[in-house]
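This briefing covers a ligand site and the strands of the fold around it. Please look through the sequence and the model before reading the points below.

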Amino acid sequence: MTRVKICGVTTRGDLETVADAGADAVGIICDVTVDTPREVSLERARDLIEAAPPFVTTVLVTMATDPERTIELVETATPDAIQLHGEVDRDAIDSLRAATGVTILLAADAEDLADADRYDDLVDGLVVDSTDEDGAGGTGETHDWERTRTAATHLESPVILAGGLEPDNVADAIRAAEPFAVDVSSGVEAEEGRKDPDAVHSFVARAGRATTVEPEVSPSP
Ligand SMILES: O=C(O)c1ccccc1NCC(=O)[C@H](O)[C@H](O)COP(=O)(O)O
(Lines give C-alpha, C1' and ligand atoms only; values in the text may rest on other atoms or scores of the structure.)
Protein backbone atom coordinates (compact mmCIF):
# COMPACT_ATOMS: atom_id res chain seq x y z
CA MET A 1 0.00 0.00 0.00
CA THR A 2 1.41 3.37 -1.01
CA ARG A 3 1.26 5.92 1.78
CA VAL A 4 -0.11 9.43 1.26
CA LYS A 5 1.09 12.80 2.50
CA ILE A 6 -1.05 15.90 1.97
CA CYS A 7 1.17 18.96 2.18
CA GLY A 8 0.61 22.67 2.68
CA VAL A 9 -2.18 22.53 5.26
CA THR A 10 -2.76 25.98 6.76
CA THR A 11 -5.97 25.67 8.83
CA ARG A 12 -7.51 23.34 11.40
CA GLY A 13 -10.45 22.73 9.05
CA ASP A 14 -8.12 21.47 6.32
CA LEU A 15 -6.25 19.36 8.87
CA GLU A 16 -9.56 17.69 9.77
CA THR A 17 -10.30 17.10 6.08
CA VAL A 18 -6.92 15.44 5.57
CA ALA A 19 -7.35 13.21 8.64
CA ASP A 20 -10.94 12.29 7.70
CA ALA A 21 -9.81 11.34 4.20
CA GLY A 22 -7.41 8.81 5.73
CA ALA A 23 -4.08 10.39 4.76
CA ASP A 24 -1.01 8.96 6.51
CA ALA A 25 0.81 12.26 6.86
CA VAL A 26 0.22 15.99 6.80
CA GLY A 27 2.79 18.60 5.76
CA ILE A 28 2.93 22.05 7.33
CA ILE A 29 5.14 24.60 5.61
CA CYS A 30 7.10 27.01 7.77
CA ASP A 31 10.17 29.20 7.32
CA VAL A 32 10.64 29.06 3.56
CA THR A 33 12.53 31.55 1.40
CA VAL A 34 9.94 31.63 -1.38
CA ASP A 35 6.59 33.35 -1.49
CA THR A 36 3.93 30.66 -1.06
CA PRO A 37 0.34 30.88 0.17
CA ARG A 38 0.96 27.61 2.00
CA GLU A 39 3.48 29.01 4.49
CA VAL A 40 2.35 29.45 8.11
CA SER A 41 4.02 31.02 11.14
CA LEU A 42 5.87 28.83 13.62
CA GLU A 43 3.08 29.40 16.15
CA ARG A 44 0.44 28.24 13.67
CA ALA A 45 2.61 25.25 12.75
CA ARG A 46 2.83 24.24 16.41
CA ASP A 47 -0.91 24.66 16.84
CA LEU A 48 -1.69 22.48 13.79
CA ILE A 49 0.81 19.83 14.83
CA GLU A 50 -0.66 19.69 18.34
CA ALA A 51 -4.14 19.34 16.84
CA ALA A 52 -3.24 16.43 14.54
CA PRO A 53 -4.91 13.18 15.65
CA PRO A 54 -2.94 10.05 16.58
CA PHE A 55 -1.68 7.98 13.63
CA VAL A 56 -1.39 10.98 11.32
CA THR A 57 2.32 11.73 10.94
CA THR A 58 3.10 15.45 11.13
CA VAL A 59 5.82 16.78 8.82
CA LEU A 60 7.26 20.27 9.19
CA VAL A 61 8.40 21.38 5.72
CA THR A 62 11.07 24.08 5.66
CA MET A 63 13.81 25.74 3.64
CA ALA A 64 15.75 26.67 6.79
CA THR A 65 19.22 25.16 6.49
CA ASP A 66 21.04 26.55 9.50
CA PRO A 67 21.15 23.78 12.16
CA GLU A 68 20.36 26.17 15.01
CA ARG A 69 17.17 27.23 13.25
CA THR A 70 16.07 23.74 12.22
CA ILE A 71 16.63 22.53 15.79
CA GLU A 72 14.56 25.46 17.07
CA LEU A 73 11.77 24.65 14.59
CA VAL A 74 11.63 21.02 15.71
CA GLU A 75 11.84 21.84 19.42
CA THR A 76 9.08 24.45 19.15
CA ALA A 77 6.64 22.78 16.77
CA THR A 78 7.40 19.16 17.81
CA PRO A 79 6.61 17.47 14.45
CA ASP A 80 7.13 13.75 13.91
CA ALA A 81 9.34 14.53 10.91
CA ILE A 82 11.05 17.44 9.21
CA GLN A 83 11.31 17.83 5.42
CA LEU A 84 14.29 19.90 4.27
CA HIS A 85 14.34 21.79 0.94
CA GLY A 86 17.31 23.67 -0.51
CA GLU A 87 21.06 23.41 0.03
CA VAL A 88 21.57 21.45 3.24
CA ASP A 89 25.01 20.21 4.23
CA ARG A 90 25.70 16.84 5.78
CA ASP A 91 26.97 18.33 9.08
CA ALA A 92 23.71 20.26 9.46
CA ILE A 93 21.73 17.04 9.09
CA ASP A 94 23.98 15.29 11.62
CA SER A 95 23.54 18.13 14.12
CA LEU A 96 19.78 18.16 13.69
CA ARG A 97 19.56 14.41 14.20
CA ALA A 98 21.87 14.43 17.24
CA ALA A 99 19.95 17.27 18.89
CA THR A 100 16.38 16.15 18.20
CA GLY A 101 16.22 12.55 16.95
CA VAL A 102 13.46 13.68 14.57
CA THR A 103 12.74 11.74 11.37
CA ILE A 104 14.50 13.59 8.52
CA LEU A 105 13.21 13.76 4.94
CA LEU A 106 15.16 15.54 2.21
CA ALA A 107 13.70 16.97 -0.99
CA ALA A 108 15.73 15.90 -4.03
CA ASP A 109 15.39 17.49 -7.46
CA ALA A 110 13.82 14.93 -9.78
CA GLU A 111 15.79 16.37 -12.73
CA ASP A 112 19.13 15.78 -11.01
CA LEU A 113 19.07 12.84 -8.62
CA ALA A 114 22.71 13.31 -7.55
CA ASP A 115 21.54 14.71 -4.20
CA ALA A 116 19.40 11.66 -3.64
CA ASP A 117 22.49 9.46 -3.99
CA ARG A 118 24.65 11.79 -1.90
CA TYR A 119 22.27 11.94 1.07
CA ASP A 120 20.82 8.45 0.87
CA ASP A 121 22.86 7.16 3.82
CA LEU A 122 22.00 10.14 6.00
CA VAL A 123 18.25 10.66 5.82
CA ASP A 124 15.12 8.65 6.57
CA GLY A 125 13.34 9.36 3.31
CA LEU A 126 13.87 11.15 -0.01
CA VAL A 127 11.12 13.33 -1.48
CA VAL A 128 11.74 13.22 -5.24
CA ASP A 129 10.08 16.44 -6.37
CA SER A 130 9.91 18.97 -9.21
CA THR A 131 11.75 21.70 -7.35
CA ASP A 132 12.41 25.26 -8.55
CA GLU A 133 15.89 26.85 -8.76
CA ASP A 134 15.83 27.52 -4.97
CA GLY A 135 14.87 23.95 -4.15
CA ALA A 136 11.28 24.87 -3.27
CA GLY A 137 8.37 22.53 -3.97
CA GLY A 138 4.71 23.20 -4.66
CA THR A 139 5.41 23.72 -8.36
CA GLY A 140 2.45 21.65 -9.60
CA GLU A 141 4.76 20.16 -12.24
CA THR A 142 5.16 16.46 -12.94
CA HIS A 143 8.47 14.77 -13.87
CA ASP A 144 9.66 11.53 -15.34
CA TRP A 145 8.14 8.87 -13.03
CA GLU A 146 9.98 6.01 -14.75
CA ARG A 147 13.31 7.69 -14.01
CA THR A 148 12.31 7.93 -10.35
CA ARG A 149 11.53 4.23 -10.31
CA THR A 150 14.93 3.41 -11.81
CA ALA A 151 16.68 5.63 -9.24
CA ALA A 152 14.70 4.09 -6.39
CA THR A 153 15.97 0.61 -7.21
CA HIS A 154 19.42 1.48 -5.87
CA LEU A 155 18.40 3.90 -3.10
CA GLU A 156 18.22 2.61 0.47
CA SER A 157 15.85 5.33 1.64
CA PRO A 158 12.11 5.15 1.04
CA VAL A 159 11.17 7.36 -1.95
CA ILE A 160 8.26 9.78 -1.63
CA LEU A 161 7.03 10.85 -5.08
CA ALA A 162 5.96 14.51 -5.36
CA GLY A 163 5.37 17.12 -8.03
CA GLY A 164 2.22 17.83 -10.00
CA LEU A 165 0.22 14.94 -8.59
CA GLU A 166 -3.58 15.21 -8.51
CA PRO A 167 -6.54 12.83 -8.17
CA ASP A 168 -6.54 12.10 -11.92
CA ASN A 169 -2.89 11.08 -12.25
CA VAL A 170 -1.95 9.63 -8.87
CA ALA A 171 -2.79 6.02 -9.73
CA ASP A 172 -0.73 6.19 -12.96
CA ALA A 173 2.14 7.78 -11.04
CA ILE A 174 2.11 4.99 -8.45
CA ARG A 175 2.12 2.31 -11.13
CA ALA A 176 4.99 4.01 -12.97
CA ALA A 177 7.26 4.97 -10.07
CA GLU A 178 6.32 2.38 -7.42
CA PRO A 179 7.13 4.83 -4.61
CA PHE A 180 6.91 4.25 -0.86
CA ALA A 181 4.58 7.25 -0.64
CA VAL A 182 3.04 10.05 -2.70
CA ASP A 183 2.90 13.68 -1.72
CA VAL A 184 0.60 16.42 -3.02
CA SER A 185 0.11 20.07 -2.34
CA SER A 186 -1.33 22.29 -5.10
CA GLY A 187 -3.14 19.41 -6.85
CA VAL A 188 -5.78 19.16 -4.09
CA GLU A 189 -6.44 22.85 -3.54
CA ALA A 190 -9.71 24.77 -4.02
CA GLU A 191 -7.80 28.03 -3.98
CA GLU A 192 -4.21 28.93 -3.10
CA GLY A 193 -3.46 27.71 0.41
CA ARG A 194 -6.86 26.06 0.97
CA LYS A 195 -7.67 22.41 0.35
CA ASP A 196 -10.64 21.14 -1.65
CA PRO A 197 -12.23 18.40 0.53
CA ASP A 198 -13.53 16.44 -2.51
CA ALA A 199 -10.10 16.49 -4.15
CA VAL A 200 -8.36 15.42 -0.93
CA HIS A 201 -10.76 12.49 -0.44
CA SER A 202 -10.48 11.49 -4.08
CA PHE A 203 -6.66 11.67 -4.04
CA VAL A 204 -6.38 9.47 -0.94
CA ALA A 205 -8.94 6.96 -2.25
CA ARG A 206 -7.34 6.68 -5.69
CA ALA A 207 -3.84 6.36 -4.24
CA GLY A 208 -5.14 3.63 -1.95
CA ARG A 209 -6.78 1.74 -4.79
CA ALA A 210 -3.74 1.97 -7.07
CA THR A 211 -1.68 -1.16 -7.17
CA THR A 212 1.80 -1.78 -8.47
CA VAL A 213 1.15 -5.48 -8.86
CA GLU A 214 -0.69 -6.80 -11.91
CA PRO A 215 -3.89 -8.60 -10.75
CA GLU A 216 -3.77 -12.35 -11.19
CA VAL A 217 -6.02 -13.61 -13.97
CA SER A 218 -7.87 -16.76 -12.91
CA PRO A 219 -7.66 -19.56 -15.44
CA SER A 220 -10.94 -20.13 -17.25
CA PRO A 221 -12.79 -23.28 -16.16
O1 LIG B 1 4.18 23.73 -1.45
C2 LIG B 1 4.91 24.74 -1.34
O3 LIG B 1 4.49 25.87 -1.56
C4 LIG B 1 6.35 24.59 -0.92
C5 LIG B 1 7.15 25.72 -0.83
C6 LIG B 1 8.47 25.61 -0.44
C7 LIG B 1 9.01 24.39 -0.12
C8 LIG B 1 8.23 23.24 -0.20
C9 LIG B 1 6.91 23.32 -0.60
N10 LIG B 1 6.12 22.17 -0.72
C11 LIG B 1 6.63 20.89 -0.38
C12 LIG B 1 5.81 19.68 -0.62
O13 LIG B 1 6.02 18.68 0.06
C14 LIG B 1 4.80 19.60 -1.76
O15 LIG B 1 3.79 18.73 -1.41
C16 LIG B 1 5.50 19.05 -2.99
O17 LIG B 1 6.47 19.97 -3.39
C18 LIG B 1 4.51 18.82 -4.16
O19 LIG B 1 3.88 20.02 -4.51
P20 LIG B 1 2.81 20.03 -5.73
O21 LIG B 1 3.57 19.91 -7.01
O22 LIG B 1 2.13 21.36 -5.59
O23 LIG B 1 1.86 18.90 -5.47
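In this predicted model, the ligand is surrounded by 22 residues. Thr36, Asp129, Gly138, Asp183 and Ser186 are the closest of them. The points below take the ligand site, then the barrel, then the annotated domain.

**Ligand site**

- By class, the shell around the ligand consists of eleven polar, seven nonpolar and four charged residues.
- The side chain of Asp129 places an N or O atom 2.5 Å from an oxygen atom of the ligand.
- For the side chain of Arg38, the corresponding distance from an N or O atom to a ligand oxygen is 2.9 Å.
- For the side chain of Lys5, an N or O atom lies 3.1 Å from an oxygen atom of the ligand.
- On its own the ligand has 510 Å² of accessible area, and the protein covers 100% of that area.
- At least two shell residues come from strand S1 (3–7), and at least two come from strand S8 (181–184).

**Barrel**

- Eight strands form a closed barrel with parallel pairing, in the order S1-S2-S3-S4-S5-S6-S7-S8.
- On average, neighbouring strands of this sheet are turned by 25° against each other, with direction ignored.
- Strands of a sheet pair through backbone hydrogen bonds, in either a parallel or an antiparallel arrangement.
- Strand S3 (residues 57–62) pairs with strand S4 (residues 81–84) in the parallel sense, over four bridges.
- Val59 has Ala81 in S4 as its bridge partner.

**Annotated domain**

- An unreviewed UniProt entry assigns residues 4–205 the feature "domain: N-(5'phosphoribosyl) anthranilate isomerase (PRAI)".

Note on methods:
Residues are numbered from 1 along each chain as its sequence is written. This is a predicted model: local features need pLDDT of at least 70, side-chain atom pairs count only at pLDDT 80 or more; totals for chains, interfaces and linings use all residues. Side-chain values use heavy atoms; hydrogens and water are left out. A residue is near a molecule or strand if one of its heavy atoms lies within 4 Å of it. A polar contact is a pair of N or O atoms within 3.5 Å; within protein, one must be able to donate a hydrogen and the other to accept it, and residues adjacent in sequence count only if both atoms are side-chain atoms. Accessible areas come from the Shrake-Rupley method with a 1.4 Å probe; for residues, only the protein chains shown count as cover. Ala, Val, Leu, Ile, Met, Phe, Trp, Tyr, Cys and Pro count as nonpolar, Asp, Glu, Lys and Arg as charged, and the others, Gly among them, as polar. Two strands pair if DSSP finds at least two bridges between them. Axes are lines fitted to C-alpha atoms, for helices over the stretch in contact, and angles run from 0 to 180 degrees between N-to-C directions. UniProt positions are given in the numbering used here, feature names are shortened, and annotations may be inferred rather than shown by experiment.
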